[in-house]
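Hello,

Here is the structure I said I would pass on. My notes on it follow below.

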Amino acid sequence: NVTSLIHNDAGISPISEGIESSLDVTYPIDRSSTGAIQACSPCQPFLDLFAKDTNVQRAEAAAEEHPTNKATRSLGPVDVDNAQFVESDHLSLKHMHALAADEIKAGDFDEALFIFHEIIRLLIERHGEENNIHVGAIWHNIGIVNSKAKRCKDAVTACQKAIQIRENLLGENHQEVAVSLSQLGIAYMDLRQYEQSLEAFRRALKIREDHFGCHHVKVAKILNNMGCVLFEMGELSDSESAFKEALEIHRVLLTSAENSTNADSTLLSIASTQCSIGSIQLTRKEFNDAISAFDEALVLQQSVLGDDHKTVITTMQSIDHAHRLQAEEECCFKISNDYCSIGEYLSKNSMGNKKGDASVTYDREDNLCEF
């Protein structure tokens, strides 16, 4: 498949260093017929926490039966009546956020969501209202987790809450609002609601251009995202314009001294944007231009990733497919030596492109906003 990357730089949010108070974890406990204690919470890291009351001995006995869970006992006591975190000196909000991030890395999205919702509950209890900057950051993170879990409608709802809180507290043109707008655009795109996605990206673009100027990597990422949405909508001319704007920014950044440490990343961004442009040209049956775009992308990718990386293979598939379409269009099956070489390589590695459709693949940068 022809690939182009869509960037999601809306990261998962940090809770500020100023939050010092700590929290414990509390969960209901069932007793089996043998008398052993079994925690009922869906949040695995805290399943074996124990209570500071008459249940302590039973909990410790259960921990001895499951020694792999002993480490979690240091996190604090368990309330046997309510499945929720309670305040203590053992577990800070920041620590809770870090645990949620670990669950995301492990793919345990339900547990991550449980912890994030508990953080929101505790923040609201502490501050008396949801209109709090840290609550906005956590709603943003919940949006990211729901997107990862393919719960697209829930992702939209969470991002909208994050945007509303951040706009109320920071103003409509704050860069944190743009971060959540970008994530909202991703969520709408997953739902194939392209008009709403494009509107979110356009709002994010204006904020970023006002804040960073026109030649900034975050501006280029939004333009790339807009290009992908427009491609899906069939607006090929507008899509190509967005990709070319992004490409120009990346090329300017490549020659910037400030960007010297990110040169490889910029080269790969240029390559992915060239693949996007190649997809458009292939759809228009501009085969020579498409092949040139893919060829340039391939050289850049090989210089950074080597010959056997999956991204390199995918671009080779795109070149192979473009040559095949060109041959079919011209009713001519004599192909160049370069094409034979690539085709033989793909055949040898069982990596040939059999689908035959130009498409875009969205690559997400799902970094949590820090807490």
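Of the chain's 371 residues, 50% count as buried. Please keep in mind that this is a predicted model. The chain holds 13 helices and four strands. Among contacts with a separation of 6 or more, 70% are between residues 24 or more positions apart. The accessible surface of the chain is about 17500 Å², and carbon and sulfur atoms hold 46% of that area.

The largest nonpolar core has 29 residues, and the members that touch the most others are Leu 184 and Phe 201. Two or more residues come from each of helix 5 (152–170), helix 6 (175–190), helix 7 (194–212), helix 8 (217–233) and helix 9 (236–254). Helix 6 is the main contributor, giving eight residues to this core. In soluble globular proteins, nonpolar side chains tend to be buried together.

Which residues does Leu 184 contact, once neighbours within four places in sequence are set aside? They are Val 156, Cys 159, Gln 160, Ile 163 and Ala 200.

Ile 133, Leu 169 and Leu 170 make a nonpolar surface patch of about 210 Å².

Regards

Technical notes
Residues numbered from 1 in each chain as written. Predicted model: local features only at pLDDT ≥ 70, side-chain atom pairs only at ≥ 80, totals over all residues. Heavy atoms only, no water. Core = buried A, V, L, I, M, F, W, Y, C linked by side-chain atoms within 4.5 Å. Buried < 20%, exposed > 50% of the residue type's maximum accessible area, 1.4 Å probe, protein only. Contact = heavy atoms within 4.5 Å. Areas by Shrake-Rupley, 256 points an atom, 1.4 Å probe, with all protein chains shown as cover. Patch = residues over 30% accessible without salt bridge, like charges linked within 9 Å, V, L, I, M, F, W, Y side chains within 5 Å. Salt bridge = Lys/Arg side-chain N within 4 Å of Asp/Glu carboxyl O.
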